[in-house]
Amino acid sequence: MELADALARGTVVLDGGMSTVLELAGHDLSDELWSARLLLTDPGAVRAAHLAYYRAGAEVAITASYQASFAGFAHRGIGDTEAERLLRSSVALARSAASDVDGQRWVAASIGPYGAVLADGSEYRGRYGLTRRELVEFHRRRLEVLWEAGPDVLAVETVPDVDEAEAVLEVLRGSGVPAWLSYSARGDRTCAGQPLEEAFAVAAGIDEVIAVGVNCCAPGDVAGAVAAARRVTGLPVVVYPNSGERWDAARRSWTGDGAGFVPPVREWVGAGARLVGGCCRTGPEDIAALAEGLAVRS
């Protein structure tokens, strides 16, 4: 079954934070490539992380390609041929993990924002000083390589502003490649400060977009974002917030106790959410609780 068809029938469970489960396993991710470094040094750990989420009840695994790009790999001395191999491997690892569990599972290839490559918290600000054409060219090649690797959908995620969303949508429009578009947000605005309703509106009418929503936000921001997304686009809504902790880019650490991730799935789904999971600082136990809440609801 295609993921878009599944969303028309009901709610689908996403996974949680890739970095979270890798750190719990003892991996040091204090690197500009973040979890993407393990595609090179320990791909088995990436596969194990996907499997942990699938076994916790996730139906969709998001690949470890969020911070992987030709530019980012080149900065580490990794050439284009090897970069292509690593991008493709991110999809293959998630697909391989899915083969170890029963039932329908999907793979979403992560298309992180340009700011993720800078490894300085820019994905929570946007406005990088690049032209629209520069953003299009940054995203185009990685998007094409990841799609050719055979995922079910592209996860265009943690997008901080409308300018970058429009650049990615320019690449997607007319391609026939299914994708969801998810903004990083604070309150009722993108991280760059645009109203979410305006941000969601850029995806309306683009056939390739199967869902819109928010991720890497506070759990308390989800319900309003869901309502806005539904109002503007009528599409299924994707939501995967953080645990409640906040990232301090200057100190490169998380602050807060994370007690905020008590997923109110009834509220989110009732408002129109159809793809539901967790983002930073959420682990398999959080996804298990979320999946259980959905099962109780049904």
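This is a predicted model: local features need pLDDT of at least 70, side-chain atom pairs count only at pLDDT 80 or more; totals for chains, interfaces and linings use all residues.
Residues are numbered from 1 along each chain as its sequence is written, local features need pLDDT of at least 70, side-chain atom pairs count only at pLDDT 80 or more, and totals for chains, interfaces and linings use all residues. Side-chain values use heavy atoms, with hydrogens and water left out.

Eight strands build an open sheet with parallel pairing, in the order β1-β12-β9-β8-β5-β4-β3-β2. Here strands (E, at least two residues) and helices (H or I, at least four) are DSSP runs numbered from the N terminus, and two strands pair if DSSP finds at least two bridges between them. At the edges, β1 (12-13) and β2 (60-62) each pair on one side only. Strands β9 (237-240) and β12 (273-276) are joined in the parallel sense by three bridges, and Val237 has Ala273 of β12 as its bridge partner.

Helix α11 (222-233) packs on this sheet, touching β8 (209-215), β9 and β12; contact means heavy atoms within 4.5 Å. The direction of α11 makes about 160 degrees with that of β9, where angles run from 0 to 180 degrees between N-to-C directions, and axes are lines fitted to C-alpha atoms, for helices over the stretch in contact. Helix α8 (132-148) lies across β3 (106-111) and β4 (153-159), at about 165 degrees to β3.

What is the angle between α8 and helix α9? Helices α8 and α9 (162-172) pack at about 50 degrees, with their axes 8 Å apart. Among the residues in this contact are Leu135 and Val136 of α8 and Ala167 and Val168 of α9.
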